[in-house]
Amino acid sequence: MGKFRPSLTTTSLIKKPNPSEKPHHFPKKINKFSQETLQTTHHKKPIFQSPHLNEAKKLFNSFISTTNVPLDLRFHNSFLQSYTSISTIDDSISLLHHMIKSLPSLTPNLSTYHILLSQSCKTPDPTLSPVHQILNLMVNNGLNPTQGTVDIVVRSLCSVGREDEAVHLLKELAVKHSKPDTFTYNFLVKCLCKCRALSSVYSFIDEMRSQFDLKPDLVTYTILIDSVCNSKNLREAMKLLSMLKECGFKPDCFVYNTIMKGYCMMGRGSEAIEVLKKMKEEDVEPDLVTYNTLIFGLSKGGRIPEAKMYFRIMVELGHFPDAVTYTSLMNGLCRKGDALGALAMLEEMEKKGCSPNSCTYNTLLHGLCKGRLLEKGIELYKAMKEDGMQLDTASYATFVRSLCREGKVAEAYEVFDYALESKSLNEVAAYTTLESTLKWLRNARERGLAV
């Protein structure tokens, strides 16, 4: 068994003081209502203890009457934004009016109104009346909505699950003021892929193309391909790949990796290999992710010799195998019942200077226990514990059952304690697994099937 790397000590992460460095001195006195005070307070505790408008007005008056330094617009925007986090949109608007009236030199800019716009989008009003109220306020003050405004609206609405309203408002703003940029457009497409049927997303794309001349780009097609791959619709993914080429875009490595991942998740290793061949035919250079994905898929399907072959190929091409590569191979070996082979790979991995991660250890622990190699599993668990690594649900359950099956109930309780201490599982999940295992053990003993 390979030598496990020593655990990192926290003391190595603490910067030691340099005797040659002069100590930093803080100012003897900081103005109570300086901008720095507001910014610091904003990070540590809320400025506003109450959402009441009158108290907010009093606090603002206190700021501007006691400060000795000029307060710029950034300060006022920060003050307003802090209040919007706890207030209603109407009170936020009233506070802004009060700020302008109390300080005539204050001239709100787009950022000021974007703060209110973001809050209005999160106000649960299906008519979008609060949003239009802020937009009208902007325009009446000589500030027309820009692409940044459109982006604020779309992202704020989508953040609270209001994608349909985001689409409606995006179209309205595109007609009256400004079309979205490609970043906003692709962001909305990605959100729609998560909550709408694919046909509906296609309809949105067609509508944006015909009405506003907004055409999908490489990023758009990548988002669509990723979405259909996640839903295991690989035929549609290949169709989109052809469409992408027809539109004059050359698929990049990320696109091919996405499709390959889809095939691998479905255990279709042969199709994943075909994707690799297509990449080479299109002069797209496979990267580390490509080979890791392929090795994962082949290993998952039990095609270990092929996975090892591509492991050698990637090394020959100059790609250094990482923890993902080795763990994928170990997982495949464990699935085939060769846990000792996986353990030998851990030793090889460490000799090559690649550090195993939590997933590596959990994969091995699960495999060793399944392979009835409990003593080696215990040794591996001790290494995990020394490094402070968490147990995943599957390896914890398998390890606890293996310990109980061998009559090591005290050790199983110790693993339970460590699972809670390391926050690997919550108390309910960890205890439920242990309790069901002990119940099984009692029943097995009663029937003479366990010692």
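**Close-up 1. The largest cavity and its lining.** Leu73, His76, Asn77, Leu80, Leu96, Met99, Leu106 and Thr112 line the largest cavity of this predicted model, which has a volume of about 30 Å³. A cavity here is a set of points, on a 1 Å grid over the protein atoms alone, where a 1.4 Å probe fits but cannot get out, and lining residues have an atom within 4 Å of a point. Points are joined across faces, edges and corners, and the volume is the space filled by probe spheres set on them. Helix H3 (73–84) and helix H4 (89–102) each give two or more residues to this lining, and H3 brings the largest share, with four residues. Helices are DSSP runs (H or I, at least four residues) numbered from the N terminus. By class, the cavity lining has five nonpolar, three polar and no charged residues. For these classes, Ala, Val, Leu, Ile, Met, Phe, Trp, Tyr, Cys and Pro are nonpolar, Asp, Glu, Lys and Arg are charged, and the others, Gly among them, are polar.

Residues are numbered from 1 along each chain as its sequence is written. Because the model is predicted, local features need pLDDT of at least 70 and side-chain atom pairs pLDDT 80 or more, while totals for chains, interfaces and linings use all residues; side-chain values use heavy atoms, with hydrogens and water left out.

**Close-up 2. The largest pocket.** About 310 Å³ of space sits in the largest pocket, a pocket being an open set with protein on both sides within 12 Å along at least five of seven lines. It has 18 lining residues, and Asn331, Cys359, Asn362, Thr363 and His366 are the closest to its centre. H17 gives the largest share, seven residues. The pocket lining counts six nonpolar, nine polar and three charged residues.

**Close-up 3. H10 against H11.** Helix H10 (residues 198–212) packs on helix H11 (residues 218–230) at an angle of about 170°, with the axes 12 Å apart. Axes are lines fitted to C-alpha atoms over the stretch in contact, and angles run from 0 to 180 degrees between N-to-C directions. The two helices, H10 and H11, are therefore roughly antiparallel (angles over 145 degrees). Leu198, Val201, Tyr202 and Ile205 of H10 meet Thr220, Leu224 and Val228 of H11, with contact meaning heavy atoms within 4.5 Å.

Key: Parallel < 35°, antiparallel > 145°, perpendicular 65-115°, else oblique.
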